Amino acid sequence: MPPVIPTAALSSSSAAAAASGGLRLLPLSFPSLPRRRRRKPSMCSPPLRCSISSSPPPSDADESSSSRKPWLLVGLGNPGKIYQGTRHNVGFEMLDAIAEAEGISVSSIKFKAIFGKGYIGNSPIMLAKPQTFMNTSGESVSSLVSYFNIPLNQLLLMYDDMDLPFAKLRLLPKGGHGGHNGMRSVIKQLKDSRDFPRLKIGIGRPPGKMDPVNFVLRPFNKKEREELDFTFHRGVEAIRILVLEGFNKSATFANTATPSEMLNR
């Protein structure tokens with residue numbers, strides 16, 4: 001079970017406005033879409049050092065990209081250098097991989113989260129990494145959902161899972177917190193709603209009698225890091241399929257072959 005770590009709230013004008021209840025909804029503004037077509041992804045080595053993209057589906061004449069509700073993709077983790085590269089922060093790393101692959105800057109601050117927005121194909125997305133520490137992640141997530149009026153079926157949480165084999169992905173349409181304190185906080189702040197998709201990233205079980213609290217804060221060794229990087233590569237592809245083609249196709253892709261199976265082909 002992750003440790004309870006004191007909240008270090010990251011101040012911003014947006015967070016102050018949220019606290020005072022004086023917010024009003026503003027139109028979303030996204031960067032202009034690139035004019036050139038994006039090539040389909042190809043496997044590269046090492047992972048994530050090439051552009052991972054594919055051509056968007058045919059545009060709907062009745063629905064422009066500016067009128068679509070954006071996806072809100074949230075990676076869970078703990079802020080600070082001391083937690084970088086640890087098992088409990090794979091949600092942050094998954095989000096960073098998406099931002100890198102899609103060329104999205106995640107550098108502004110909104111509602112106690114590092115935030116960015118851009119596109120996957122021709123679909124708008126927003127990326128967020130709550131800076132409230134894991135156990136109070138829901139404060140940031142619920143504020144973002146409320147302010148931007150995000151439908152819960154277009155909110156995706158990405159986080160570590162000890163019950164999954166190492167480096168395995170599991171995309172689910174809804175569910176409980178499974179003992180994960182970050183997800184427990186999110187569900188509570190969303191008025192106990194569990195009806196939002198989540199991408200779990202397996203970190204495996206602690207060896208021997210190791211305390212799970214210590215295990216989730218351990219860094220990865222070199223071999224684990226190589227396998228995990230491949231998982232992030234597949235995770236980026238799963239997210240692209242989710243946004244452009246829908247949940248079912250994405251779940252089929254994410255929940256089948258494991259990274260080790262792919263590497264051994």
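Where is Ala-167 found? I looked this up first, and Ala-167 is found in the loop between β5 (155-161) and β6 (169-172), with helices (H or I, at least four residues) and strands (E, at least two) taken as DSSP runs numbered from the N terminus.

**Ground rules.** I note that this is a predicted model, in which local features need pLDDT of at least 70 and side-chain atom pairs count only at pLDDT 80 or more, while totals for chains, interfaces and linings use all residues. Residues are numbered from 1 along each chain as its sequence is written, and side-chain values use heavy atoms, with hydrogens and water left out.

I checked the backbone of Ala-167 and found phi near 70°, a positive value in a residue other than glycine. Ala-167 counts as buried, at 0% relative accessibility, where buried means under 20% relative accessible area, exposed over 50% and partly exposed in between (1.4 Å probe, protein chains only). I then turned to Phe-133, whose phi is near 75°, again positive in a residue other than glycine. Phe-133 lies in the loop between β4 (123-130) and α3 (137-148), and with a relative accessible area of 12% Phe-133 is buried.

**Whole chain.** I recorded 8 helices and 7 strands for the chain, and buried residues make up 51% of its 265 residues. The chain exposes about 13100 Å², of which carbon and sulfur atoms supply 51%; these accessible areas come from the Shrake-Rupley method with a 1.4 Å probe, and for residues only the protein chains shown count as cover. I also looked at contacts (heavy atoms within 4.5 Å): among those between residues at least 6 apart in sequence, 73% join residues at least 24 apart.

**Cores.** I searched for nonpolar cores, meaning sets of buried Ala, Val, Leu, Ile, Met, Phe, Trp, Tyr and Cys residues joined through side-chain atoms within 4.5 Å. The largest has 34 residues, and those with the most contacts inside it are Leu-73, Met-94, Leu-156, Met-158 and Ile-239. Helix α6 (residues 222-245) gives the largest share of this core, 8 residues. A second, separate core of 23 residues includes Leu-76, Val-141, Leu-157 and Met-183. I listed the partners of Met-158, leaving aside its neighbours within four places in sequence, and among them are Leu-73, Met-94, Leu-199 and Ile-239.

**Helix α2.** I compared the reach of α2 (residues 90-102), which has 13 residues, with its expected span, and the 18 Å from first C-alpha to last is close to the 18 Å expected at 1.5 Å a residue; the expected span is 1.5 Å times one less than the number of residues. α2 is mostly covered, with 11 of its 13 residues buried, including Glu-93, Met-94 and Glu-102. The buried residues of α2 pack against β1 (71-75), β3 (113-120), β4, β5, β7 (198-202) and α6. Gly-103 follows α2 and has a positive phi, near 70°.

**Helix α3.** I repeated the check on α3, where the end C-alpha atoms are 17 Å apart, in agreement with the 16 Å that its 12 residues should span at 1.5 Å a residue. α3 is mostly covered too, as 9 of its 12 residues are buried, among them Ser-137, Val-141, Tyr-147 and Phe-148. Its buried residues pack against β1, β2 (108-110), β3, β4, β5 and α4 (181-189). Asn-149 follows α3, and I noted that its phi is positive, near 55°.
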